[in-house]
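Please keep the sequence and the model at hand while reading.

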Amino acid sequence: MKCFDVVGTVLDATYDEVPDKGGKRDELIANALKRTRDQYKDKLMTEGGPDFDDPATRFGYVFTYVPAHAHWVYELISKCKEVRDVFEKEKVRVACIGGGPGSDVVGVLKYLDESDLNCKLFIELIDGCVAWKSTWSDLAFQLDWDETLHTDYVIHDVADKATWDSPSKIAKADIITLSFFASEIFHLKNARKYLKAMLGQAKSGALVLVNDNRTPEVYGMLDEIAGELGFKTLLAEVGERKIYDPGESMAVVKKYAEKFGAKSRLTGSMCWRVYQKP
């Protein structure tokens, strides 16, 4: 299973969901791609990410970021023995905080597929954007992972503390993922409180996997929260990441790259962490 293959299939399935009023669908997506790049480049830390309620933005995000983000989850699992050992079990619970489009899930499934493991997965995606649920439903349908994959979608709005109590099974999770989420919410006054509240529910032995931008304020906040909650740090690195997998090919999304004059992300200046609750 390859991340680009999954994303290519999902893009084909969801392209028509972007409104084509006046034959301007491609123009809407191209503009959304530019706005998203500009938002992440210049305004992420002060305003957060783009408006994912816009279907053109969601389509563009899947095209640009999901392949790499999924692969880096797969790569992080591969790097850490304690995480690999979890997937040797018969059943595994995963909670993906900010996992709206399903990048983290694709990364986990890639690891299971390429490691020839057959554990049953119970995955909870926790996100503030209701519209991502539709994208995830399309992704889950395309994956066709038979009876071994069970998912649930929980809505938490970090800016609205009243939503934090929406029923979640994060306290039962064996693995919790935070993939490029802390930087998305960093600008919110509740960001630190939310992350501490969620991670504070982790059970003994639970592992937290983090991939995010190489921003000291972000990984510094995460390291502080982990320390305050008594987590052990199993892995803590910053550096440049690429997609090191010759089987991953951009050819499957080539038509969209040419159509919009854009490319999927292949590299990143990043931080990555694995924490464990004693």
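A residue is called buried when its relative accessible area is under 20%, exposed when that area is over 50%, and partly exposed in between, with a 1.4 Å probe and protein chains only. The model is predicted, so that local features need pLDDT of at least 70 and side-chain atom pairs count only at pLDDT 80 or more, whereas totals for chains, interfaces and linings use all residues. Residues are numbered from 1 along each chain as its sequence is written, and side-chain values use heavy atoms, with hydrogens and water left out.

**Sheet and strand pairing**

- Helices (H or I, at least four residues) and strands (E, at least two) are DSSP runs numbered from the N terminus, and two strands pair if DSSP finds at least two bridges between them.
- An open sheet is formed by seven strands in the order β3-β2-β1-β4-β5-β7-β6, with mixed pairing; its edge strands, each pairing on one side only, are β3 (149-155) and β6 (232-242).
- Direction ignored, neighbouring strands of this sheet are turned by 15° against each other on average, where axes are lines fitted to C-alpha atoms, for helices over the stretch in contact, and angles run from 0 to 180 degrees between N-to-C directions.
- Strands β1 (residues 91-97) and β4 (residues 175-179) run parallel and are joined by four bridges; within this pairing, A95 has I176 as its bridge partner in β4, and C96 has T177.
- On β5, the pairing with β4 is also in the parallel sense, over five bridges, and V208 of β5 stands opposite I176.

- Helix α3 (residues 55-79) lies across β4, β5 (207-213), β6 and β7 (267-276), and runs at about 135° to β6.

**Nonpolar cores**

- A nonpolar core is a set of buried Ala, Val, Leu, Ile, Met, Phe, Trp, Tyr and Cys residues joined through side-chain atoms within 4.5 Å.
- The largest such core has 67 residues, among which V83, F87 and L121 touch the most other members; α3 gives the most to this core, with 14 residues.
- A second, separate core of 29 residues includes I170, I176, L199 and A206.
- Contact means heavy atoms within 4.5 Å, and the contacts of F87, leaving aside neighbours within four places in sequence, are I77, V92, V108, Y111, L112, L117, C119, L121 and I175.

- R25, placed in helix α2 (residues 25-47), counts as buried at 12% relative accessibility, and its side chain reaches the backbone oxygen of V18 at 2.7 Å.
- Neighbours within four places in sequence aside, R25 is in contact with Y15, D16, V18, P19 and D20.
- Q276 lies in strand β7 and is buried, with a relative accessible area of 15%; the side chain of Q276 reaches the backbone oxygen of G205 at 3.2 Å.
- Not counting residues up to four places away in sequence, Q276 touches G205, A206, L207, F231, K232 and L234.
- D223 lies in helix α9 (residues 216-228) and is partly exposed, with a relative accessible area of 30%; its side chain is joined by polar contacts to the side chains of R273, at 2.9 Å, and Y275, at 2.5 Å.
- Although D223 and Y275 are 52 residues apart in sequence, they are 9.0 Å apart in space, C-alpha to C-alpha.

**Cysteines**

- With a disulfide taken as a pair of cysteine sulfur atoms within 2.5 Å, a search of the whole structure finds zero disulfides.
- C96 is buried, with a relative accessible area of 1%, and its sulfur is too far for a bond from the closest cysteine sulfur, which belongs to C119 and is 13 Å away.
- C129 is also buried, with a relative accessible area of 8%, and the cysteine sulfur closest to its own, in C96, is 16 Å away, too far for a bond.

Methods. Polar contact = N/O pair within 3.5 Å; in protein donor to acceptor, adjacent residues only side chain to side chain.
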